[in-house]
Amino acid sequence: MRHSPAPTPSQTVGPFYGYALPFPRGGEVAPDGHADTITLHGYVFDGAGQPVPDALIETWQPAPDGSRTGAPGSLRHDPVTGRVIGRDGVAFTGFGRVPTDADGHWTVRTLPPGGVSYISIAVFARGLLHHLYTRAYLVDKPGDALLGSLDAERRSTLIARSETARTYRFDIRLQGADETVFLEFG
């Protein structure tokens, strides 16, 4: 009797990334206690408007001074296993990675990006063969090439809403009439 091998993660669509990619304090991009910390949060919704409880959000951004070098060594690794065990809590890396919770919610605490008015985002989610890229604009900046290329309705899907001082909400809609604008890199 001949048996076919079981599918591997590269052959199936699934949230396999949830086991290896998240790491402790992945959403704590700003150094502990930094006075300029902002919170960017939101929900990931599918095409039916239901929350996606097993998505993964990555953020990238420059430091407040506009530099993009990050901080080598700021992620601590277990000396035996090599697994990431968390951030050092001191250095700013410009990179965050967080899973959504059971309600599809995600949160990143970071510093305002320098030189640009947005934070870059990648979305990993079930059913996606390739992750999606978008931007969360903290300010609707006149003259921005991407924002300027969109009609008002589509443009609004990229603008984070200011909720309270230093807190912004950015919901990501994977499909539907109000689908978030996603970027394609070739």
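Start by selecting Y137: is it buried or exposed? Y137 is buried, with a relative accessible area of 0%. Here buried means under 20% relative accessible area, exposed means over 50%, and partly exposed is in between (1.4 Å probe, protein chains only).

Some ground rules before we move on. This is a predicted model, where local features need pLDDT of at least 70 and side-chain atom pairs count only at pLDDT 80 or more, while totals for chains, interfaces and linings use all residues. Residues are numbered from 1 along each chain as its sequence is written, and side-chain values use heavy atoms, with hydrogens and water left out.

**Whole chain**

Switch to cartoon view. You'll find three helices and eleven strands; these are DSSP runs numbered from the N terminus (helices: H or I, at least four residues; strands: E, at least two). From the N terminus, the order is α-β-β-β-β-β-β-β-β-α-α-β-β-β. The chain has 186 residues, and 40% of them count as buried. Among contacts (heavy atoms within 4.5 Å) with a separation of 6 or more, 66% are between residues 24 or more positions apart.

**Rings**

Rings of Phe, Tyr and Trp (its six-membered ring) pair if their centres lie within 6.5 Å; planes under 30 degrees apart count as stacked, over 60 as edge-to-face and the rest as tilted. Y118 lies in strand β7 (residues 118–124) and Y137 in strand β8 (residues 132–137), so the pair ties together parts 19 residues apart in sequence. Y118 counts as buried too, at 14%.

Now show R135. Its charged end sits over the ring of Y118, 4.0 Å from the centre. The test is NZ of Lys or CZ of Arg within 6 Å of the ring centre and within 35 degrees of the ring normal.

How many aromatic pairs does the structure hold? The structure holds four. One of them is Y43 with F45: centres 6.0 Å apart and planes at 25°, so this pair is stacked. F45 is buried at 13%, whereas Y43 is partly exposed at 25%. Then pick W60, Y133 and F185, which form one aromatic cluster.

**Salt bridges**

Side chains of opposite charge can pair when their charged atoms come close. A salt bridge here is a side-chain nitrogen of Lys or Arg within 4 Å of a carboxyl oxygen of Asp or Glu, and the whole structure has seven.

Select E28 and R109, which meet at 3.4 Å, N to O. E28 lies in the loop between α1 (17–20) and β1 (38–45), and R109 in strand β6 (residues 105–110), so the pair ties together parts 81 residues apart. Next, R126 and D54 meet at 3.0 Å. For R155 and D140, the closest N and O atoms are 2.5 Å apart; R155 is in helix α3 (residues 152–155) and D140 in the loop between β8 and α2 (145–148).

**Two last stops**

Select G96, in strand β5 (residues 95–99). G96 is buried at 0%, and its C-alpha is 7.1 Å from that of E28, 68 residues away along the chain. Its contacts beyond four places in sequence are G26, V29, I57, E58, T59 and R87.

Finish at R166, in the loop between β9 (161–164) and β10 (167–169). Check its phi: near 70°, a positive value in a residue other than glycine. R166 is partly exposed, at 36%.
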